[in-house]
Amino acid sequence: MRAIQMTEHGGPDVLRLTDAPDPQPGPGEVAVELAAAGVNFRDVYERQGVYPKELPAVPGAEGAGRVTAVGDGVTDVRVGDVVASAEFRGAYAERAVAPADRVVPVPDGVAPDLAAAVLLQGLTAHYLTHSTYEIKPGDTALVHAAAGGMGLLLTQMIKLRGGRVIGTVSTDEKEKLARDAGADEVLRYDGFADEVRRRTGGVPVVYDGVGKTTFDGSLASLRRRGLLALYGAASGPVPPLDPQRLNSGGSLFLTRPTLGDYVATREELLWRADDLFGWIASGELSVHVGGRYPLADTGRAHEDLEARRTTGKLLLIP
């Protein structure tokens, strides 16, 4: 099969298209012929060496497609099933293997490429809005990068729960996307904290996947006892924090959540995935795919993602 392999950490040029053996499922695993694979900042961090990954390796963890083989002990997934997972071993390929208890069924009303586009970010947006801070009717949330894949999903889920959204974006084009997704107000990044406080007096929650460049403003945007959910670091890692800043800011809360802790059981994984796919099938949730790239252009996909030249979700099509 064709696959992207990296033998060293570095820039997008380390992502090389190669011929690789077909992966075989072990006990408790399934092999899937992928219709699409998602491109995520997690993949960028692994490519750079920020997140540890043993080399050589095929990057990527998110994708969807049809099951071609099952390993010993697998009873709930069958050959021919259409499934999605955010825990493939090497999804930047034509075929990949995942643990059977970490794949979810894709219903007939959801195209496999949309399942691949939404799963990782959709599960993340779900836990952020339903568990990390449970949005209640009337809550106003600040969503950074509101026109990105995560931002568009967060905005829609906050609106589904009766909340209001203030989004931050960098361009007029991205402002239109954020407003089309339901954002009530849209700001540029420069001076956003002062503007948020002027309009609201402080919000109960900030969803921040940008990190270094927005962190201080995110804390300053919170009301007393507000929560900053720092779920990513697209602009770089946040420097060490003196906890006294949370005290002086109004007894604030700071969390750095990760998906694995919010889909720790299969029941929780299926709850979140069923909600996602149900909303897509009913038309309540729209998934914006900002670009589809052949495997040979994986390096370009990473370049576009890092340069923030994209909106919505990027996919690799094997």
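Which helices and strands each supply at least two residues of the lining of the largest pocket? In this predicted model, they are helix 1 (41-48), helix 2, helix 3 (149-160), strand 9 and strand 15 (313-317). Helix 2 gives the most, with 4 residues.

Let me stay with that pocket for a moment. The space in the largest pocket amounts to about 990 Å³. Its lining comprises 44 residues, and those nearest the centre are Phe41, Gln121, Met150, Tyr231 and Gly232. By class, 22 lining residues are nonpolar, 16 are polar and 6 are charged.

The second largest pocket has a volume of about 240 Å³. It is lined by 15 residues, with Tyr45, Val50, Ala233, Gly236 and Pro237 closest to its centre. Here helix 1 provides the largest share of the lining, 4 residues. The lining divides into 10 nonpolar, 3 polar and 2 charged residues.

Six strands form an open sheet in the order 10-9-8-11-12-13, with parallel pairing. Strand 10 (185-188) and strand 13 (253-255) are at the edges; each has a single partner strand, so one side of each is left without a neighbour in the sheet. From one strand to the next, the twist averages 20°.

Strand 9 (residues 164-169) runs parallel to strand 10 and is joined to it by 4 bridges. Within this pair, threonine 168 stands opposite leucine 187 of strand 10.

Two helices deserve mention here. Helix 2 (residues 112-132) packs on the sheet and touches strand 11 (203-208), strand 12 (222-230) and strand 13. The direction of helix 2 makes about 150° with that of strand 12. Helix 4 (residues 172-180) also packs on the sheet, touching strand 9 and strand 10, and its direction makes about 155° with that of strand 10.

Key. Residues numbered from 1 in each chain as written. Predicted model: local features only at pLDDT ≥ 70, side-chain atom pairs only at ≥ 80, totals over all residues. Heavy atoms only, no water. Pairing = 2+ DSSP bridges. Axes fitted to C-alpha atoms, helices over the stretch in contact; angles between N-to-C directions. Contact = heavy atoms within 4.5 Å. 1 Å grid on protein atoms, 1.4 Å probe; cavity = no way out; pocket = protein on both sides within 12 Å on 5 of 7 lines; lining within 4 Å. Points joined across faces, edges and corners; volume = space filled by probe spheres on them. Nonpolar A, V, L, I, M, F, W, Y, C, P; charged D, E, K, R; others polar.
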